[in-house]
Amino acid sequence: MIIGNGGIALELAYEIEGCEVIWAIKDKAIGNTFFDAGAAEFLTSKLISEKSEAKIVHKRTRYTTEGRKKEARSKSKADNVGSALGPDWHEGLNLKGTKQFSRKIHIETMCEVKKIYSQDEFRILKKKSFTFPGDHKSVTTDTEIWPVYVELTNEKIYGCDFIVSATGVTPNVEPFLHGNSFDLGEDGGLKVDDHMHTSLPDVYAAGDICTTSWQLSPVWQQMRLWTQARQMGWYAAKCMAAESSGDSIDMDFSFELFAHVTKFFNYKVVLLGKYNAQGLGSDHELMLRCTKGQEYIKVVMQNGRMMGAVLIGETDLEETFENLILNQMNLSSYGEDLLDPNIDIEDYFD
């Protein structure tokens, strides 16, 4: 069972093969953090596909720990808090089960975990669990004995071998609060200014632990993602070096436009600007282009200007859209031709 609807849950749901997977999400559609219902529908068709396919190549700098040993890992305490998983967390893991199918996933929407039972607790309480919902059979009582059982808020109970909780990020500020007086943001992170300073002198914060408190660009927002943590880390280091040498430093360009590139369900995914119309209220328009099995393109427009975009698949439009969002060119005259597949807008705006 996978619990959660963020990036880790999305990756895991696709990467696991040869297993029956129950996926419990609190939203109406998968990937609610990143996508609207239309994009979720586009991706879901790939998720339920029985066909196994070659993984797309995703070029990116990779980071490993030099000389890491299994002995050191096994001796580490269970309560130690590690770093974020990052984009390559499942590399090297064997996520194939023993069944002779590619994927078999059942999604339980609009629910959360109510209670988890051990095998003994479940037997004593004499509760009943459901079998894995098949394609053409109704849900029946499960006679198999499982190591652990999960009761959902929709009153369904499923037995499973393994539970993965992938329910998001909370700023881990607790180790730093005792004896200090940090200013905290509404989400519990350490408040930082435009040079990544916290409220205490000579103390900087970056990544998941911090909450941005400067005047943000109209097309940038903070999200606790590995890409943003890396950008903040680089920028914080530059700010520290500049301060120690008495130099001034401008705000890093990466905070001008929100941009996140990743891979879901073997599709390249690019999120730009206010890709889900964050903070725009009802004062915006959406333009869509979708080719089933190939690409999904959504553009967020406000007053004739591009404010954000979601690009799924090999669209080759990310650089063009990035420039159109940054320069805030008035695109009213182009209308829906902007997404006409017969017009090479990449070349047109070059």
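Trainee: Helices (H or I, at least four residues) and strands (E, at least two) are DSSP runs, numbered from the N terminus, so where does Ala277 lie in those terms?

Mentor: Ala277 lies in the loop between strand 11 and strand 12 (285-291). Before we go on, this is a predicted model, in which local features need pLDDT of at least 70 and side-chain atom pairs count only at pLDDT 80 or more, while totals for chains, interfaces and linings use all residues. Residues are numbered from 1 along each chain as its sequence is written, and side-chain values use heavy atoms, with hydrogens and water left out.

Trainee: Okay, and is Ala277 buried or exposed?

Mentor: Ala277 is buried, because its relative accessible area is 11%, where buried means under 20%, exposed over 50% and partly exposed in between, with a 1.4 Å probe and protein chains only. Its phi is near 60 degrees, a positive value in a residue other than glycine.

Trainee: What about phi of Glu155?

Mentor: Phi of Glu155 is near 75 degrees, and this too is a positive value in a residue other than glycine. Glu155 sits in the loop between strand 5 (148-152) and strand 6 (157-160), and it counts as exposed because its relative accessibility is 52%.

Trainee: Which sheet has the order 4-5-6?

Mentor: That is an open sheet of three strands with antiparallel pairing, where two strands pair if DSSP finds at least two bridges between them. Its edge strands, each pairing on one side only, are strand 4 (113-118) and strand 6, and the twist averages 20 degrees from one strand to the next. Angles of this kind run from 0 to 180 degrees between N-to-C directions, with axes being lines fitted to C-alpha atoms, for helices over the stretch in contact.

Trainee: How many bridges join strand 4 to strand 5?

Mentor: Five bridges join these two antiparallel strands, and Val113 stands opposite Leu152 in strand 5.

Trainee: And what is the strand order in the open sheet of five strands?

Mentor: The order there is 10-11-14-13-12, with antiparallel pairing, and the edges are strand 10 (259-264) and strand 12. Strand 12 pairs with strand 13 (residues 295-302) over seven bridges in the antiparallel sense, and the bridge partner of Leu286 in strand 13 is Val300.

Trainee: Which strands does helix 7 lie across?

Mentor: Helix 7 lies across strand 11, strand 13 and strand 14, and runs at about 160 degrees to strand 14.

Trainee: Then where is Gly313?

Mentor: Gly313 is in the loop between strand 14 (305-312) and helix 7 (318-327), and it is buried because its relative accessible area is 7%. Leaving aside neighbours within four places in sequence, Gly313 is in contact, meaning heavy atoms within 4.5 Å, with Tyr267, Lys268 and Gln294. The C-alpha atoms of Gly313 and Lys268 are separated by 5.0 Å, although the two are 45 residues apart along the chain.

Trainee: Switching topic, how many residues has the largest nonpolar core?

Mentor: It has 49 residues, and Trp23, Phe35, Met196, Phe265 and Ile312 have the most contacts inside it. Such a core is a set of buried Ala, Val, Leu, Ile, Met, Phe, Trp, Tyr and Cys residues joined through side-chain atoms within 4.5 Å. Apart from it lies another core of 23 residues, including Ile297 and Leu331.

Trainee: Last one, how many disulfides does the structure hold?

Mentor: It holds zero disulfides, a disulfide being a pair of cysteine sulfur atoms within 2.5 Å. Cys210 is buried because its relative accessible area is 0%, and Cys160 counts as buried at 8% relative accessibility.
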